[in-house]
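Trainee: Hi, I'm new to this one. Could you walk me through a few spots?

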Amino acid sequence: MKRQLALFFAIALGASAEEPLLDAFTRSKLAEALGCVNLSVDDLGWNKRPIDDDFRLKCVNDTLDRPLELADYAARAEREFGADPRSAAAAGAAWLDVDGLGTADPEPFELDLKVEPESARALALEFAGTWRDAELYRAGATATLTPDEWAVVKKNGARLYLDESEEEWDMTETLAAAKKAELAGYFRAAIVLARGAQADRKAPADAADWKTAVLTVRETSDEGLKGLKISIGGSGNDVHEADIAIDVGGNDEYRNCRFVLDFGGDDTYRNCGEGNFACALIVDLAGNDRYLNANLAQGGAAFAASLLVDVAGDDRYEADQCSQGSGYFGVGMLFDLGGNDGYRGARFVQGFAGVRGLGVLSDVAGNDTYYAGGKYSHAPLLPENFQSLSQGFAFGLRGANTSGGVGILADHAGNDVYSAEVFGQGASYWFALGVLVDSAGHDKYDLYQYGQGAGIHLSSGVLFDRAGNDAYSCNYGVAQGCGHDWAAGLLLDLAGDDYYQGAGMTHGGANANGLGIIIDRRGDDAYSGSRPQVQGFSFQSRGSFGLGVLLDLGGKDRYSEEGRDNRTWTKSTLGVGLDCEEESR
Amino acid sequence: MKRLALVLLMALPAGAQEDFEAIWKEACLWEVGSNVERVPAARKKLIEAGGPVLDFLIPGKLDAADSIITRSLSLVILGIAEKDPALRKKAVDGLAESLESEKPVVRRNAADLLGQLGASETAPAIAKLLKDKDSRGGALMALGAFKLESSVPSIAELLDAEGSPERLRVLCVVTLGSIGGPEALSSLVAHLADKAAAVRFAAQYALEGLRAVETLRTCLSDPDKRVRLHALNALGRIGDRAVRTDLLPLAGDPDPQVRGFAIEALISMLKPSDRDWMRPALEREKDPFVKGKLEEALRRIDAPARPDGM
């Protein structure tokens, strides 16, 4: 069943790769709309990046210079971050401009483990090997740092996104040292972890012979493995507290484990798989599981690689920050391949990336619920609301003039609910790229402000929904295809009867020289704005223009402003809307 | 220069330096939400303290790129200068000296602030910064504020220089729009056909700001359609009814873009009698953009404009 599912998605995603998301008709109508404001498609490349820095990614510059490529990046995210962590880890490297990963594995090592039966011994050896190889690559990534630089990075590296004091601190020294970290090492580690994940594993034939045991590694040729604690679990309900835990069945509880392989049962993971300057791997093959963490877990990594693969079951993920597919100076990925899942976190979660990071959450099947917020106030701007910075979100460090990474949330099926407060859902802040892709189902997107296909301050974001009757809601605007301050945002919905509700700078809105585009390709849709600055809106700033574009290319639609079926309208300083039917070509 | 800054700081009473530092920190917070009252109060305190605050800020706090800080610098320094001509002179002298700072951001902010103070006597020194790639943005802002037509040729030269970045070129256009005059107008019209859209639109907005109706009227027959459309758009936004007779024929232009832009421009200068030609035109019209503009115009004739101006 799982293999069939994976095959189905491979085929579906492969097929979708054949046709660009912005087809010829869409492009011709965009050109027509732009003509109504005296612009061409080439003009969309006005300069949105007046400054540069050493951390800038090509995909960020690409999407600021050629904003329509946001659709191509969304298609790539859908295609490359599916059900296969290994191909995802390899593909992810290109997003962060890393090439030349190489194929050479570390030197073999000797390890003697006294555990029975043989299948338990083999798996323990395999996981110890995965641990050792991933850690070697992780350590290699920062091998060129001097001891002083390493000390600074070790002291302050995680704090780049986890400092809750709200006190400003000078990140210069930390970033200067961290810049020397070679991302290729983290991606090599991620590939090693993905190789170890093997979602199609079968429970060992002799599982009934497994006995619960804990052993400590002593006889090994690899110093890094000495003292490693490995816990083996049988078919009963076990409690594991070890570096590595492998369990063939039962409803188990894991505490503070870094690497876990669990073959079945409804399990609880407490503080496991934390990727804070350490590689982490959790593979759970069946059961309704609960994952409970604070920070940098559930596929959350800083200066490391971290992977969580949950193959089946209705699972609950709870974390505070930088988790559930989150990375900075590293790679964090979470793959959930089946079941109706719930994700809950406070901030920087569910496909989040900071500087030099890739954060990916790929949920392949089921009706899922995502919530981010409720803890960190957005004072002073919105003291009664909470920050989310999640759900396909990436975040550069503006105060340190340091570009961000790539945050991707890809949900491939089911009727899903996305809920966030301030900043989220296919958006980014300060020279970064945020992508939210939903491939199927009737979905609900709820946000307070800043997101749903938005670039915020010299940054890019895209929300792509392939199918279904969807509802998008945003209380306070700057959303649903919005570029805020030399930024680019795209919301692309290809099919279904959709409802868009927003406030200002929404439904193709821009300010301060940004570009915001919303494209709804098919279906009977409704657009409602609580303020008039919606549905193709922007204003003059810094002596020149920004641009808001709304394209609705099919169906009977309703607009709260001047839009109508089969009409083109312009408004504000430079905003345009175009509604048409494809048959009218 | 560093020595000068040190001497100025040392001239402050020991406690004052620390007090100002704390107040300045508050004055530079983001003036939103829960800071809405706090930030202006801090700025007010600094303005009331007068001269010693100038010594604290110039040049010590000029090395700031963050627009929240530069805005605070502007509000406080201008606030102090307004109180007393002697304090204004003190600010101008300090800023003029800072034009030679080794720090580009200090030079840029000093020029910008001198412009805001209207210290046109420093224009020659500021004009020299146009050749300084790190601080010419501040120089342009200042020269725009001084409105010195004599600086137009050097600004136009910078605008047309090979390799000038797009953002700088936009700023040149904005500055020309602030200064005005025949030479500036000529340069602005030429850039309605610029290859960079940001520059083209900046030129249009600058011409609007100058209410250059006659100049724009001549552009209505320009061979470049983009220039004609910019002129139509600008004339509509200026709303001078004197050009109605120039626009009306273009409402029947064979090119639907030109028709649409002409009708949109006419919306700001409609007469009830326009119904008589617009209704038949709407029945004949096939282009969705032009139809929308005709409908918008007819709605506007029949009903007052929305209070929100949309």
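Mentor: Happy to. Keep in mind that this is a predicted model. Let's start with Asp53(A): leaving out residues up to four places away in sequence, Asp53(A) touches Asn401(A), Thr402(A) and Ser403(A).

Trainee: Where is Asp53(A) placed?

Mentor: Look in chain A at the loop between helix H2 (24-35) and helix H3 (58-65); Asp53(A) is there.

Trainee: And is Asp53(A) buried or exposed?

Mentor: Asp53(A) counts as buried, because its relative accessibility is 13% and the cut-off for buried is under 20%.

Trainee: Which side chain makes a polar contact with the side chain of Asp53(A)?

Mentor: That of Ser403(A), at 2.5 Å. A polar atom of the Asp53(A) side chain also lies 2.8 Å from the backbone nitrogen of Phe55(A).

Trainee: Phe55(A), okay. What about Lys179(A), where is that found?

Mentor: Lys179(A) sits in the loop that runs between helix H9 (172-178) and helix H10 (183-197) of chain A. Phe55(A) comes up again here: setting aside neighbours within four places in sequence, Lys179(A) is in contact with Asp54(A), Phe55(A), Phe329(A) and Arg356(A).

Trainee: How does Lys179(A) count in terms of accessibility, and why?

Mentor: Lys179(A) counts as partly exposed because its relative accessibility is 33%.

Trainee: How many residues apart in sequence are Lys179(A) and Thr142(A)?

Mentor: They are 37 residues apart in sequence, and their C-alpha atoms are 9.5 Å apart in space.

Trainee: In which sense do E20(A) and E21(A) pair?

Mentor: Antiparallel, over 2 bridges, with strand E21 covering residues 382-390. Ser377(A), for instance, has Phe386(A) in E21(A) as its bridge partner.

Trainee: Now chain B. Which residues of helix H12 are buried?

Mentor: In helix H12 (residues 182-190) of chain B, they are Ala184(B), Ser187(B) and Leu188(B). These residues lie on the same side of H12(B), because they cover an arc of only 100° around the axis.

Trainee: What is exposed on the other side of H12(B)?

Mentor: Pro182(B) and Ala190(B) are exposed there.

Trainee: And what covers the buried residues of H12(B)?

Mentor: The cover includes three chain B helices: H10 (152-160), H11 (166-179) and H13 (197-209).

Terms used: Residues numbered from 1 in each chain as written. Chains lettered and ligands numbered in written order. Predicted model: local features only at pLDDT ≥ 70, side-chain atom pairs only at ≥ 80, totals over all residues. Heavy atoms only, no water. Pairing = 2+ DSSP bridges. Helix = DSSP H or I, 4+ residues; strand = E, 2+ residues; numbered from the N terminus. Buried < 20%, exposed > 50% of the residue type's maximum accessible area, 1.4 Å probe, protein only. Arc of directions from axis to C-beta. Contact = heavy atoms within 4.5 Å. Polar contact = N/O pair within 3.5 Å; in protein donor to acceptor, adjacent residues only side chain to side chain.
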